[in-house]
2 protein chains.
Amino acid sequence: MKVGIYGYGNLGRGIECAIKNNNDMELVAVFTRRDPKSVKIQTETAKVYPAGEAEKFQGKIDVMIICGGSATDLPEQTPRLAKLFNVIDSFDTHARIPEHFAKVNEAAAKNGNIALISAGWDPGMFSLNRLYANSILPNGKDYTFWGKGVSQGHSDAIRRVKGVKNGKQYTIPVESALNAVRNGENPELTTREKHTRECFVVAEDGADKAAIEKEIKEMPNYFSDYDTTVHFISEEELNTKHSGIPHGGFVFRTGSTGWNNEHKHVIEYRLQLDSNPEFTASVIVAYARAINRLHNEGITGCKTVFDIAPAYLSPLSGDELRAHML
Amino acid sequence: MKVGIYGYGNLGRGIECAIKNNNDMELVAVFTRRDPKSVKIQTETAKVYPAGEAEKFQGKIDVMIICGGSATDLPEQTPRLAKLFNVIDSFDTHARIPEHFAKVNEAAAKNGNIALISAGWDPGMFSLNRLYANSILPNGKDYTFWGKGVSQGHSDAIRRVKGVKNGKQYTIPVESALNAVRNGENPELTTREKHTRECFVVAEDGADKAAIEKEIKEMPNYFSDYDTTVHFISEEELNTKHSGIPHGGFVFRTGSTGWNNEHKHVIEYRLQLDSNPEFTASVIVAYARAINRLHNEGITGCKTVFDIAPAYLSPLSGDELRAHML
């Protein structure tokens, strides 16, 4: 199948790697809003084109993978490109998913295309695990923990503080809270009890470090509800020790069965990811395979991971899956 | 939806509880090979019938849940009943799944019914996790661990030993092996390195305990490849401390992404179950909902968990799922 990448940031580069790791896929083109000459890709057989030329590739690309940001890019890009291509995105503003779904669904369905929104791990694999576990254990309780990993939004928030040159924030689940859930204690947990936040900050020369630390720790929405630690380090240390983009987390459902709910069960799904964008990209690429197949069966309109039978994700046949993976 | 239970052992009783916990389901009838008068069920609105009368219920049951054993019951029962009803079973002889699938598929498809085989947790939820994780991380390694939990087959094997009155066997994953996998070390593990086996044995009066212990520990296929511990206890202790049927386990996939596979990832799915049959039943009942819906859409033939889009498992609508669970 022929794939296009629309937007070449961290996620777009991850998609390129994931395509390389899947033999049934070929990268045809990368589209960028930057000057194409300034964008170096790793795939020798593919080329970089201006974003505005994407529509010339109609009929030459089986699935266009849209790698823009959720805040402003995807709400515009996905509906627009769904008129031209089968598309997939990783839209992750949970509260706005219904609205995004409706727009993309209309664009895709009217033009005979298929689209899949919100692929990745949260939304994505975490959502799937919530759905499966809720369907199996209707009497129960859900818990989601994130980390240990880099939160892009919180790192950005640190970098906006006066006197901060650079910074990175790790979200860390509280071990005792994890264990209470894992042991089936069904704890009621406050925001503060679930996660801590650890910040590595490079201050500008002569900056007031005490003021920076105070401003970070008291920042509403981002830090004030958490136990936050701030470490001041050199730019060099930041670059050598904190240049990665690891992430991960846990989805739990604890629930009961039996005539009188006398038996307890714990379902746990955990991810430990060295590279958040590359793992997200790997999920997206598997779903790109799925929607390409579904489109070949005549399916159109917008889908989510909830709507895709798992067998469509695998390059193996039904016979092979039943024989080796069931 | 109206549900029938065919076979009323541990699994059948678990199905009855799971139906009670799902408001959109109603138990219509339980079918048994025993004398129906000797079978007491808990649902006041349902009745017990002889297995031979099942066919009279054609058209009155949306899904028949078949609760026989995989060795001899299901290979005969599922194809036969798939001619009359939409059916679901928990066939768990992995090696014979393709053969079972073919027979059930033919019976169901010819008669306009839908069937789903091998629902539960392994096969079932563990299989799904293997499939998702393999599709996401094509470069990687799979690990499955079982336990801590009661193995019915191994407990039966103990009870066949001369001088043994009763017994129970627990399969226990080796903690250091789990941790090596979880840490991304990609270990090569022998059978002995993955699990230990712990046996609680009630000896007959005057039995040779040393001989029993030796026979258990040296039993080929069941125990000889494992580090096995044998404890002799009283019947009373067995009944008070070991009457449950807990189980569970872990499915891992460790894999890499990146242009040079430079980033590692660990996907872990874990179950801790107080009651193996009740959890299995809870999975089956969710899939019974799914196949009933698919049948209402005109789908026929045999399916597995790989073929079912997750949204079909939930009583919630697509809108609700996208708004609250994605």
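Visitor: Which residue is the bridge partner of Y6(A) in β4(A)?
Guide: This is a predicted model, and the answer describes that model. Strand β1 (residues 2-6) of chain A runs parallel to β4(A), and four bridges join the two. Within this pairing, the partner of Y6(A) in β4(A) is I66(A).

Visitor: Which residue of β5(A) stands opposite I65(A)?
Guide: β4(A) also pairs with strand β5 (residues 87-88) of chain A, in the parallel sense and over two bridges. In that pairing, the residue opposite I65(A) is I88(A).

Visitor: Are the two faces of strand β4 of chain A covered or open, and which residues show it?
Guide: In a regular strand the side chains alternate between the two faces of the sheet. In β4 (residues 63-66) of chain A, V63(A) and I65(A) lie on one side and M64(A) and I66(A) on the other.

Visitor: What is the bridge partner of F200(A) in β11(A)?
Guide: Strand β10 (residues 195-203) of chain A and β11(A) run parallel and are joined by six bridges. In β11(A), F200(A) has as its partner H231(A).

Visitor: How many residues does each chain give to the contact, and what area is buried between chain B and chain A?
Guide: Chain B gives 69 residues and chain A gives 69 residues. Carbon and sulfur atoms account for 62% of the buried area. In chain B, the residues that lose the most area to chain A are W259(B), R322(B) and L326(B), together 15% of what that side buries. The area buried between the two chains is about 6,200 Å².

Visitor: Which element gives the largest share of the side of chain B that touches chain A?
Guide: The elements giving two or more residues to that side include α1 (10-20), α4 (125-136) and β13 (263-273) of chain B. The residues of the side divide into 33 nonpolar, 23 polar and 13 charged. The largest share, 11 residues, comes from β13(B).

Visitor: Which residue of β13(B) stands opposite E268(A)?
Guide: Strand β13 (residues 263-273) of chain A and β13(B) run antiparallel, with nine bridges between them. Opposite E268(A) stands R270(B).

Visitor: Which backbone oxygen does the side chain of R130(B) reach?
Guide: R130(B) is found in helix α4 of chain B. Its relative accessible area is 11%, under the limit of 20%, and R130(B) therefore counts as buried. Among the residues that R130(B) touches are M325(A), L326(A), H94(B) and D122(B). The backbone oxygen reached, at 3.5 Å, is that of L326(A).

Visitor: Is Q77(B) buried or exposed?
Guide: Q77(B) lies in helix α2 (residues 73-82) of chain B. Leaving aside neighbours within four places in sequence, Q77(B) is in contact with Y6(B), R33(B), I66(B) and G68(B). Because the relative accessible area of Q77(B) is 4%, under the limit of 20%, Q77(B) is buried.

Note on methods:
Residues numbered from 1 in each chain as written. Chains lettered and ligands numbered in written order. Predicted model: local features only at pLDDT ≥ 70, side-chain atom pairs only at ≥ 80, totals over all residues. Heavy atoms only, no water. Contact = heavy atoms within 4.5 Å. Buried area = accessible area lost by both parts, 1.4 Å probe. Nonpolar A, V, L, I, M, F, W, Y, C, P; charged D, E, K, R; others polar. Pairing = 2+ DSSP bridges. Buried < 20%, exposed > 50% of the residue type's maximum accessible area, 1.4 Å probe, protein only. Polar contact = N/O pair within 3.5 Å; in protein donor to acceptor, adjacent residues only side chain to side chain.
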